[in-house]
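Hi everyone, thanks for making the time. I'd like to walk you through one model today, so please have a look at it with me.

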Amino acid sequence: MTTFLLRRAVTALILMLGVVMVTFVVFYVVPALGGRTTDQLAAQFASRDPSPEQLLLIKHRLGLDQPLYAQFWDYLKAMVVGMNLPPGSGASHCSAPCLGYSWRLHDSVLALILDRLPVTVSIAIGAAVLWLVLGVAGGAASAVSPGGAADRVIRIAALLGVCLPVVFIGPLARSQLAWLFPSVSYYSFLHNPFIWADHLILPWVTLALGYFALYTRLTRSGMIEALSGQFIRTAQAKGLPGRRVLWQALRTTLPTVATVFAMDLGLLLGGAVLAEKIYGLHGIGDLAQNGVDGQDLPVVLGVTLFAGLFIVVANFAVDAAYAVLDPRIRLD
């Protein structure tokens, strides 16, 4: 198992480097290939009619006056050892890991992300736990008696979750359930977990409904296939209790569920922007949209890179979970 985890760790590091390269190419190389000049890129960070001196200063601050390989090296080095900021930046040094510096907000991108991270993580984790527990439990209950009344009700609920988008569920839930959940805001989990959950239940339900459908269908199909397998019939023939048999069937579907869960959780950090906007929560999605609206390239690049690296880390965590869920990996 140790060898397996080491191989996955090396692969994760290579993927992280690939994510850094892809994001750099998208934000720096592609605009140049499209005909954008460094003056045009720098003008996005200036006033409406910038002077030539302002453009030169902005290009120097952003490193746009350097060759592309030098810009990439500086960006990569900043994430490892940090970078010194030019005079007039509002700070002298961006500590590692430096994902960039916002000249509009006068703060490091990582500090801005970490300031918004508790809101987005609260939304993502709460919704993820909700759809994972309900989806797996609903899929297992549906697989036990396929075609029965419970199976039909669960499948109808899953179908509704697929058909109703977040932009429809969010405003509907906010208007119709305001009497039950009058306040939707971020409250620190450490101060009071019950108030934290009470203020975020509507965003959780809004995001979880669509994912609940996917996990219900995924668990149901996996368990139906497992229950018809030879090892289940062998376990029943040996006299194993029904709960043990169902657990063995469910356990065979968990690696697949864990893989999809890691991808969905990583993507949810970016997809939570809809829920944040609907309910007026200021998380990473709100920060990214403000960066796009304000043409703050370091913020957009930093948030994109952070989300990509989070997905890589989440998949590594799932690979580690495989060693617990699948005994064959431990034997290898």
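Before I count anything: helices here are DSSP runs of H or I with at least four residues, strands are runs of E with at least two, and both are numbered from the N terminus. On that basis the protein has 14 helices and 4 strands. Please keep in mind that this is a predicted model. The average pLDDT is 78, and 87% of the residues score at least 70. Among the elements, helix α5, residues 109–144, has the highest mean pLDDT at 86, while helix α14, residues 327–331, has the lowest at 56.

Now the overall packing. Of the 332 residues, 41% are buried. If we take the contacts with a separation of 6 or more, 66% of them join residues 24 or more positions apart.

Which residues touch the most other members of the largest nonpolar core? They are Trp131, Leu202, Leu207, Met223, Tyr279 and Leu281, out of 36 residues in that core. Helices α5, α8 (193–227), α9 (230–237), α10 (242–271) and α11 (273–279) each supply at least two residues of the core. Its largest share comes from α8, with 10 residues. There is also a second, separate core of 31 residues, and Ala12, Leu41, Leu55 and Phe72 are among its members.

Phe72 brings me to the rings. A search of the whole structure turns up 5 aromatic pairs. In one of them, the ring centres of Phe24 and Phe72 are 5.2 Å apart with the planes at 65°, so the pair is edge-to-face; the cut-off for that is over 60 degrees. Phe24 sits in helix α1 (residues 2–33) and Phe72 in helix α4 (residues 68–81), so this pair ties together parts that are 48 residues apart in sequence. Phe24 counts as buried because its relative accessibility is 6%, and the limit for buried is under 20%.

Another edge-to-face pair is Trp196 with Trp204, 5.1 Å centre to centre and 65° between the planes. Both partners are tucked away: Trp196 is buried at 12% relative accessibility, and Trp204 is buried at 9%. Ring pairs also link Trp131, Tyr211, Tyr215 and Phe261 into a cluster.

Let's go back to α4 for a moment. This helix has 14 residues and reaches 20 Å from first to last C-alpha, close to the 20 Å expected at 1.5 Å a residue. Which of its residues are buried? Those are Ala70, Gln71, Phe72, Tyr75, Ala78 and Met79. As a reminder, an α-helix has 3.6 residues a turn, so residues three or four places apart point the same way. Just after α4, Gly82 takes a positive phi of about 85°.

One quick stop at Phe168, which is found in helix α7 (residues 166–176). Phe168 is partly exposed, at 42% relative accessibility. Phe168 and Thr206 are 38 residues apart in sequence, yet their C-alpha atoms lie 9.1 Å apart in space.

Last, the annotation. An unreviewed UniProt entry lists residues 12–30, 119–141, 153–173, 193–214, 253–279 and 299–325 as "transmembrane region". How do two of these look in the model? Residues 12–30 are 100% helix, with the end C-alpha atoms 25 Å apart. Residues 119–141 are 100% helix too, and there the end C-alpha atoms lie 33 Å apart.

That's my tour, and I'm happy to take questions.

Terms used
Residues numbered from 1 in each chain as written. Predicted model: local features only at pLDDT ≥ 70, side-chain atom pairs only at ≥ 80, totals over all residues. Heavy atoms only, no water. pLDDT = per-residue confidence, 0-100. Core = buried A, V, L, I, M, F, W, Y, C linked by side-chain atoms within 4.5 Å. Buried < 20%, exposed > 50% of the residue type's maximum accessible area, 1.4 Å probe, protein only. Phe/Tyr/Trp six-rings, centres within 6.5 Å; stacked < 30°, edge-to-face > 60°. UniProt positions renumbered as here; feature names shortened; annotations may be inferred. Expected span 1.5 Å × (residues − 1). Contact = heavy atoms within 4.5 Å.
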